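Biologist: I would like to learn how to read a structure model, one feature at a time. Could we go through one together?

Modeller: Here is the model.

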Amino acid sequence: MRLRELREDSDLTQQTLAEYLHIRQNTYSQYETGARQLPIELLIQLAQYFHTSTDYLLGLTNVQEPYPPVGKKAD
């Protein structure tokens with residue numbers, strides 16, 4: 001996952017994102033290192049926070065732009 005890369009590029013701390021997600025910093029750290037699996041709900045929250053797709057966070061695409069909202073056509 002690209003969590004660390006996005007976090008560092010945004011000059012954020014693990015603590016800042018942990019507070020946003022309402023979890024402990026060490027739990028967030030484990031998500032970032034892959035020691036613990038990120039729950040889908042938190043994956044979605046992080047994709048929304050960073051304005052990207054879950055596929056990008058998971059490394060399934062190199063396209064950082066988010067998908068269009070459901071029910072709307074892409075420009």
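Biologist: Is R7 buried or exposed?

Modeller: First, keep in mind that this is a predicted model. Burial is judged from relative accessible area, and under 20% means buried. R7 has 9% relative accessibility, so R7 counts as buried. The residue lies in helix α1.

Biologist: Which residues is R7 in contact with, leaving aside its neighbours within four places in sequence?

Modeller: The list is L12, T13, Q14, L17, Y28, E32 and F50. Let us take E32 from that list and look at charge. Side chains of opposite charge can pair when their charged atoms come close. Here the side chains of R7 and E32 form a salt bridge, at 2.7 Å from N to O. This pair links distant parts of the chain, since R7 is in helix α1 and E32 is in helix α3, 25 residues apart. R7 and E32 are both buried.

Biologist: How many salt bridges does the structure hold?

Modeller: There are three salt bridges.

Biologist: Why are R4 and E8 separated by about one helical turn?

Modeller: The reason is their spacing: R4 and E8 are four residues apart in helix α1, which covers residues 3-9, so about one helical turn separates them.

Biologist: What does E8 count as, in terms of accessibility?

Modeller: E8 has 39% relative accessibility, so E8 counts as partly exposed. R7, by contrast, is buried at 9%.

Biologist: Now for helix packing. At what angle do α2 and α3 pack?

Modeller: For two helices, read the angle and the separation of the axes together. Helix α2, residues 14-21, packs against helix α3, residues 25-33, at an angle of about 105°, and their axes are 8 Å apart. The two helices are therefore roughly perpendicular to each other. On the α2 side the contact is made by Q14, Q15, L17, A18 and L21, and on the α3 side by Q25, Y28, S29 and E32. Sorted by type, the residues of this contact are four nonpolar, four polar and one charged.

Biologist: Where does Q14 lie, and which residues does it contact beyond its neighbours within four places in sequence?

Modeller: Q14 lies in helix α2. With those neighbours left aside, Q14 is in contact with R7, Q25, Y28, S29 and E32. At 17% relative accessibility, Q14 counts as buried.

Biologist: How do the axes of α2 and α4 cross?

Modeller: The axes of α2 and helix α4, residues 40-49, come within 11 Å and cross at roughly 115°. This crossing is right-handed. In the contact, L17, Y20 and L21 of α2 meet L42, Q45, L46 and Y49 of α4. These residues divide into six nonpolar, one polar and no charged.

Biologist: Last, backbone angles. Which residues have a positive phi although they are not glycine?

Modeller: D11 is one case, with a positive phi of about 55°, and it is not a glycine. D11 sits in the loop between α1 and α2. H51 is another case, also not a glycine, with a positive phi of about 55°. H51 is in the loop between α4 and α5.

Conventions. Residues are numbered from 1 along each chain as its sequence is written. This is a predicted model: local features need pLDDT of at least 70, side-chain atom pairs count only at pLDDT 80 or more; totals for chains, interfaces and linings use all residues. Side-chain values use heavy atoms; hydrogens and water are left out. Axes are lines fitted to C-alpha atoms, for helices over the stretch in contact, and angles run from 0 to 180 degrees between N-to-C directions. Angles under 35 degrees count as roughly parallel, over 145 as roughly antiparallel, 65 to 115 as roughly perpendicular and the rest as oblique. Contact means heavy atoms within 4.5 Å. Ala, Val, Leu, Ile, Met, Phe, Trp, Tyr, Cys and Pro count as nonpolar, Asp, Glu, Lys and Arg as charged, and the others, Gly among them, as polar. A salt bridge is a side-chain nitrogen of Lys or Arg within 4 Å of a carboxyl oxygen of Asp or Glu. Buried means under 20% relative accessible area, exposed over 50%, partly exposed in between (1.4 Å probe, protein chains only). A crossing is left-handed if the near helix is turned anticlockwise from the far one by less than a right angle, and right-handed if clockwise.
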